[in-house]
Amino acid sequence: MSRQVEIRRAESDDDFAGYAEVWNAITPQEPITVAETKRRLQRQPWRLYLVAVEDGRIVGCGYAGRSDGVGRAFLAIRVLHEWRRQGIGTALYARCRPHATQLRAPTISGRIAENDPDSLRWAAGRGFVEVGRDVELVRELGDEAPGVPLDGIEIKELATTDHDSVYAVAVECWPDMATPEPMPAPPYDDWAQEELRGPVVFGALDGERLVGYAALVTRPASPEVLEHGFTAVVRGHRGRGIATALKRTQLAWAAERGYRELVTYTQEGNETMRAINEKLGYRARPAWILVRREAV
């Protein structure tokens with residue numbers, strides 16, 4: 001690595017602005033903002049954000065923190081293309097990896113775009129192996145009609161007073177996701193910060209019982225785009241079209257309010273949800289490859 005490159009923790013507004021610039025250049029599918037990044041750090045101070053600086057310009061960034069999966073840390077390394085193959089990514093990784101040990105995580109995970117073969121080779125050279133894939137899908141919005149009502153099921157917008165019931169559905173359904181290992185729902189506060197940070201949550205009710213929900217969450221860097229949160233239906237009510245009805249309601253709601261598109265992710269192996277998304281007109285983008293290695 002060039003001696004002119006400095007690796008340091010992001011602390012100033014300029015650091016976070018450079019961090020976001022590099023991240024968004026390499027990962028335009030998931031843009032971030034300075035405000036959102038600093039909010040996450042304030043709420044979870046164990047997060048580590050690093051920047052690589054050459055001649056006053058931030059040319060790379062690194063992140064290390066806890067993963068949603070139990071016993072895992074998550075790492076992300078980004079280096080601008082013209083500064084690659086100079087050891088900057090390796091230097092960022094060398095600073096991020098020990099942080100996983102400090103978080104007492106025995107394994108480290110990451111996500112790499114399927115269409116980024118250089119990064120895949122780089123990760124493989126450091127002991128990371130593929131353990132799964134997330135399929136990213138996008139749906140451009142037009143004139144969207146709400147779905148046909150379901151017999152005995154009411155789809156409606158939920159209020160703040162419903163959040164405990166929504167979380168109970170999440171706790172039941174989260175472990176059923178098609179992940180390499182069962183993943184329990186995160187603690188309520190962490191779940192709420194991510195799942196309830198958007199403009200609306202829809203619920204499916206069988207009488208007075210909440211049997212499913214679907215949230216839309218904002219993308220601060222792309223205000224015209226919304227992202228699907230978790231779409232959940234309790235086990236005893238699956239196969240009745242409830243997930244499709246929830247998503248049709250979301251499409252109509254978002255189109256009516258002028259949003260341009262919706263983005264969702266489906267784990268490879270979750271054929272039921274992939275079929276629903278394809279039926280509703282979502283088109284696939286390159287997948288995210290999930291990689292993992294032991295922390296030490």
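## Exercises on a predicted model

**Exercise 1.** Which residues of H3 are buried?

Solution. Take buried as under 20% relative accessible area with a 1.4 Å probe, protein chains only. In H3, the residues Ile88, Gly89, Ala91, Leu92, Tyr93, Cys96, His99 and Ala100 are then buried. This is a predicted model, in which local features need pLDDT of at least 70, side-chain atom pairs count only at pLDDT 80 or more, and totals for chains, interfaces and linings use all residues. Residues are numbered from 1 along each chain as its sequence is written, and side-chain values use heavy atoms, with hydrogens and water left out.

**Exercise 2.** How far does helix H3 reach from its first C-alpha to its last?

Solution. Helices are DSSP runs of H or I with at least four residues, numbered from the N terminus. H3 covers residues 88–102, which is 15 residues. After H3 comes Arg104, with a positive phi near 60°.

**Exercise 3.** Why does the radius of gyration agree with a compact globule?

Solution. The radius is taken over C-alpha atoms, and the globule rule is 2.2 Å times the number of residues to the power 0.38. Because a compact globule of 296 residues would come near 19 Å, the 20 Å of the protein agrees.

**Exercise 4.** What percentage of the residues of the protein count as buried?

Solution. Of the 296 residues, 51% count as buried.

How values were computed: Buried means under 20% relative accessible area, exposed over 50%, partly exposed in between (1.4 Å probe, protein chains only). Helices (H or I, at least four residues) and strands (E, at least two) are DSSP runs, numbered from the N terminus. The expected span of a helix is 1.5 Å times one less than its number of residues.
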